[in-house]
Amino acid sequence: FFTWGAAAYPADRYAMVFWDHGDGWSMAATGAEGPGFKGFSNDDQSGHEISVAEGELAGLLSQVTASIGQPIDLVGFDACLMQMWEVAHVTAPHADLLVGSEDSEGLDGWEYTEILDDLTAQPTMSPAELGDSIAFHFVDQGNSYEYPTQSAVDLTQLDPLTAAMEQLAAVVLAKPAAVIQDVAAIASQTTSYSWMPYRDLYEFAERLGASGDADIEAAADAVRQAIDAA
C-alpha cells in the first residue's frame, strides 16, 4: 500500500501510520490473555499480527525505504503501548521520527481532523512539527485511558539514549546484591501502563536519581538527559 501511494503521489516527505491494536514488546504471558504477541495490528479472527520481535516490522520498513530511496520522515503507531525503546530501536534504521503512546489509547485513535487541518494550513511543516501536532491534539482531547500519553521521539538521538541505558545497567549490575534488589524495588514503584508490566523509563531514572548511590544517580541522570534530547 505504501509503495503504491508513494508511486501515485510522490512527495518530498512521507509519514506512515499504523492503526489497530498494539502490544509493544511484551515480556511474558499476561494471565488469561495468553502470551504477549510483541507486535501490533493483531487480527482477532486469524490470530495473526505484524510482529516486532520476529522482524516483520523491520522487514516491512526496509522494503518501504528501499522503494522511496530515503528514510521515512515519520512513523506513527495509532495503537496501544507502542512508544517504547524496543520499538524505537527496530524503527530507527528506517525512520527519523517516531510518534506513539506508552499507554493504551481510546478506540477512536488519533484526532485526524485536527492533525490534517494543521497540515493543510501549514503544508511545509517539518516532521517534528507534525509529530507535535499529533501528540498535542491527542492529549488535549484526553483520548486515552488513565494516562493521556503521546509523544514524538527523534530517532536520530536514539543511539545516545541506548548508550546511557547500557551504562546505567552496567553500573547497577556491578553493585552488591542488596543494592540491585533496591533498584528492583524502585522499578516496581514506577508508573506502569494498563495491564502490562511496562514501566516509564524517565520516571524510573528520576527515582534512581534519588537513590542515594552516587554512581547510580549519575548514570540515571545521563539517561534522563538522553531522553530529553530525543
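**From surface to sheet**

The accessible surface of the protein comes to about 11900 Å², with 54% of it belonging to carbon and sulfur atoms; areas follow the Shrake-Rupley method with a 1.4 Å probe. This is a predicted model, in which local features need pLDDT of at least 70 and side-chain atom pairs count only at pLDDT 80 or more, while totals for chains, interfaces and linings use all residues. Residues are numbered from 1 along each chain as its sequence is written, and side-chain values use heavy atoms, leaving out hydrogens and water.

The protein has nine helices and six strands (DSSP runs numbered from the N terminus: helices are H or I of at least four residues, strands E of at least two). Its radius of gyration is 19 Å, close to the 17 Å that the globule rule gives for 230 residues, so the protein is as compact as a globular protein of that length (C-alpha atoms are used, and the rule is 2.2 Å times the number of residues to the power 0.38).

Four strands form an open sheet of mixed pairing, in the order S1-S4-S5-S6; two strands pair if DSSP finds at least two bridges between them. S1 (15-19) and S6 (151-154) are the edge strands, each with a single partner, so one side of each lacks a neighbour in the sheet.

Within this sheet, S4 (residues 74-78) and S5 (residues 97-100) pair in the parallel sense over two bridges. Gly76 stands opposite Val99 in S5.

Helix H2 (residues 56-68) lies across S1 and S4, where contact means heavy atoms within 4.5 Å. H2 runs at about 150° to S1 (axes are lines fitted to C-alpha atoms, for helices over the stretch in contact, with angles from 0 to 180 degrees between N-to-C directions).
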